[in-house]
Amino acid sequence: MARGDRMGENYDDYLRDDNLHINWYPGHMKKTRDLVRNNLKLVDVVVELLDSRIPFSSRNPDIDNLAGNKPRVVILNKCDLADRAKLDKWIKYYKDRGIKAIPVDTLKGVGLNKLVDECRNAVKDKMDALKEKGRKERPIRIMIVGIPNVGKSSFINRLAGSRLAKVEDRPGVTRGKQWVKLDEGFELLDMPGVLWPKFEDKLVGERLAFTGAVKDDIMDMEYLACRLLEFLKENYPELIEKRYGIRTDDIEPADEETIGCVVGFELLERIGRKRGFLVSGGEINTERAAITVMDEFRNGTLGRLTLEKPKGY
């Protein structure tokens, strides 16, 4: 069946069953959940890393229960890739809930000093109480948590000034817990990335797939690119037009009764044609176009993008 035909009336059903509503909770993730719970007593602060482009979708809702009453700090990682106006809304959202959210650019080291200061502030009363009891001063112990591919290893390596944690641009690289000592009087407990048992919201699964938190080899890249392009057409059409030199305003929205990524696929074909991604017979290589779109979204070439904002902000 031709790719264009697969984008027709049955394509969403095909992908919904195969790609987005599967169980993402393999055995090692259950073990990680138990590992977090069992090691909380060893730490003073829980630091949760989120992807600034998808702060809601990249957040594991289990963390609320797992962290309990431990002081918490949220890191909005990869802030250099995010829409600044929407990022500010997320910072305010967490502030209104009594949680400090710090935007961080790991590559440039932006925001790391703020994290150190905030962690010290979060445990100041506890450390002062220990001193009053005559206890020997010890490092502040931090647990680092986050879903796969949110950038934990790169973040820790930047803090430590070395490559202590294994870094690789694919989900699930950190296999077990590991302690990392810092010169600033901190010890970090890095936990393996953990997702939750099931995505009830299809959009959450899609957005995680957009950023690479779900392995590409179990997803359909053309479908993902089409879905992403549909979102961008509605929210950031100027970025599509600037990057790929194509129009977006002459594509009519799909009828509510139409099933499939009709608008997204039209944009994908235009991008493929504009870039010269052709195969024998002049047919457009939409797979190559899809890989290009996804890569350029993920590495920031498309521009600063945020796919969700906090409700009511």
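**A first look at the cavity, helices and rings**

The largest cavity is lined by Met-127, Leu-130, Lys-131, Arg-135, Lys-136, Glu-137 and Arg-138. This is a predicted model, where local features need pLDDT of at least 70, side-chain atom pairs count only at pLDDT 80 or more, and totals for chains, interfaces and linings use all residues. Residues are numbered from 1 along each chain as its sequence is written, and side-chain values use heavy atoms, with hydrogens and water left out.

**Cavities**

- A cavity here is a set of points on a 1 Å grid over the protein atoms alone where a 1.4 Å probe fits but cannot get out, and lining residues have an atom within 4 Å of a point.
- There are 3 cavities of 30 Å³ or more, and the largest holds about 50 Å³ of space.
- Its lining has 2 nonpolar, no polar and 5 charged residues (Ala, Val, Leu, Ile, Met, Phe, Trp, Tyr, Cys and Pro count as nonpolar, Asp, Glu, Lys and Arg as charged, the others as polar).

**Helix H12 and its partners**

- Helices are DSSP runs of H or I with at least four residues, numbered from the N terminus; their axes are lines fitted to C-alpha atoms over the stretch in contact, with angles from 0 to 180 degrees between N-to-C directions.
- The axes of H12 (residues 262–275) and H13 (residues 286–298) come within 9 Å and cross at roughly 95°, which makes H12 roughly perpendicular to H13 (65 to 115 degrees).
- Where H12 meets H13 (contact means heavy atoms within 4.5 Å), the residues include Phe-265 and Leu-268 in H12 and Ala-289 and Val-293 in H13.
- Helix H10 (residues 221–235) packs against H12 at about 100°, with the axes 8 Å apart, so H10 and H12 are also roughly perpendicular.
- By class, the H10 contact with H12 has 9 nonpolar, 1 polar and 3 charged residues.

**Aromatic rings**

- The whole structure has 4 aromatic pairs, meaning rings of Phe, Tyr and Trp (its six-membered ring) with centres within 6.5 Å.
- Trp-90 and Tyr-94 form a tilted pair, 6.5 Å centre to centre with 35° between the planes (under 30 degrees is stacked, over 60 edge-to-face, the rest tilted).

How values were computed:
Helix = DSSP H or I, 4+ residues; strand = E, 2+ residues; numbered from the N terminus. Parallel < 35°, antiparallel > 145°, perpendicular 65-115°, else oblique. 1 Å grid on protein atoms, 1.4 Å probe; cavity = no way out; pocket = protein on both sides within 12 Å on 5 of 7 lines; lining within 4 Å. Points joined across faces, edges and corners; volume = space filled by probe spheres on them.
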